[in-house]
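User: I have a protein model open and would like to learn how to read it. Could we go through it feature by feature?

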Amino acid sequence: MLSAARTLIRLQEEKYGHSNVSMAALEHRGILPADIEEIEEGEEEGLHYNFGYGPQEIVIKSGKIEGLRVKKVLSIFDSESRFNPSYDDSDEKIIKASQIYIAIGQMANYDFFNDEMKASIEIFRGKVKVKDNGQFEKYPWLFAGGDIVRGPDIINGVATGHIAAQAIDEYLSK
């Protein structure tokens with residue numbers, strides 16, 4: 001979702017010479033599934049964040065989009081850890097807009113790790129910790145690259161995937 005917002009900024013800058021892009025995210029800044037650098041770069045480009053707010057309704061008047069009605073998020077998951085956002089009905093606002101784009105973020109799925117692996121693999125903000133070559137410290141036969149290591153953006157995803165592929169080739173050659 002952050003990549004989509006930043007792309008919109010660049011397109012508006014190119015076409016109009018200025019931009020005005022706002023983004024609502026269920027997560028607060030500290031838990032948004034994005035690199036801190038990418039969040040800061042968005043700010044530098046002029047992206048207006050609405051952290052901790054969830055979309056409720058696209059507001060349309062006289063056949064034209066007026067904005068997006070959002071509510072403050074109280075929690076994203078329910079007591080059974082299922083995605084089930086709850087909102088503060090008393091904290092609502094409308095983000096003025098003439099266009100609205102929906103971008104749903106994705107999280108890595110760690111189901112392929114067994115319980116022992118889950119307990120020993122370090123995961124921070126949705127990213128697994130690996131050596132510079134993409135190899136897991138405790139599991140020398142296991143490698144990772146892409147958004148699960150660094151990203152989410154195409155440059156880091158491809159770069160870490162390429163590095164891991166080279167390391168796998170070296171590992172298998174030995």
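Analyst: Start with a pair of strands. In this predicted model, strand 4 and strand 5 run antiparallel and are joined by 9 bridges. Strands of a sheet pair through backbone hydrogen bonds, either parallel or antiparallel.

User: Which residue of strand 5 stands opposite Ser75?

Analyst: Ser86 in strand 5 stands opposite Ser75. Between strand 4 and strand 5 there are 5 residues, and the two strands form a hairpin. In that turn Ser81 has a positive phi of about 65 degrees.

User: What does strand 4 pair with over 8 bridges?

Analyst: Strand 4, residues 64–77, pairs with strand 3 over those 8 bridges, again in the antiparallel sense. Val59 has Gly67 of strand 4 opposite to it. Strand 3 and strand 4 also form a hairpin, with 2 residues between them. Ser62, in the turn, has a positive phi of about 55 degrees.

User: In what order do the strands lie in the open sheet?

Analyst: The order is 3-4-5, so read from the pairing, this is an open sheet of 3 antiparallel strands. The edges are strand 3 (53–61) and strand 5 (83–96); each has a single partner strand, so one side of each is left without a neighbour in the sheet. On average, neighbouring strands of this sheet are turned by 25 degrees against each other, direction ignored.

User: Where else do strands pair, and how does strand 1 run relative to strand 2, parallel or antiparallel?

Analyst: Strand 1 and strand 2 run parallel, joined by 4 bridges. Met23 has Tyr49 as its bridge partner in strand 2. A strand can also be read by its two faces. In strand 1 (residues 22–25), Met23 and Ala25 make up the covered face, while Ser22 and Ala24 make up the uncovered one.

User: Which residues of helix 2 are buried?

Analyst: In helix 2 (residues 36–45) they are Glu38, Ile39 and Gly42. Seen down the axis of helix 2, these buried residues fall within an arc of 105 degrees, so they line one face of the helix. Their cover includes helix 1 (2–16) and strand 2 (48–51). Just after helix 2 comes Gly46, which takes a positive phi of about 105 degrees.

User: How many helices and strands does the chain have?

Analyst: The chain has 4 helices and 7 strands. From the N terminus on, the elements run α-β-α-β-β-β-β-α-β-β-α. The radius of gyration is 20 Å, well over the 16 Å that the globule rule gives for 174 residues, so the chain is more spread out than a compact globule. Taken along the principal axes, the C-alpha atoms fill a box of roughly 70 × 45 × 25 Å.

User: What share of the 174 residues counts as buried?

Analyst: The share is 32%. Contacts can be sorted by how far apart the partners lie in sequence. Of the contacts in the chain with a separation of 6 or more, 45% are between residues 24 or more positions apart.

User: Which elements have the lowest and the highest mean pLDDT?

Analyst: Strand 6 (residues 123–124) has the lowest, at 84, and strand 2 has the highest, at 96. The chain averages a pLDDT of 89, and 98% of the residues score at least 70.

How values were computed. Residues numbered from 1 in each chain as written. Predicted model: local features only at pLDDT ≥ 70, side-chain atom pairs only at ≥ 80, totals over all residues. Heavy atoms only, no water. Axes fitted to C-alpha atoms, helices over the stretch in contact; angles between N-to-C directions. Buried < 20%, exposed > 50% of the residue type's maximum accessible area, 1.4 Å probe, protein only. Arc of directions from axis to C-beta. Contact = heavy atoms within 4.5 Å. pLDDT = per-residue confidence, 0-100. Rg over C-alpha atoms; globule rule 2.2 N^0.38 Å.
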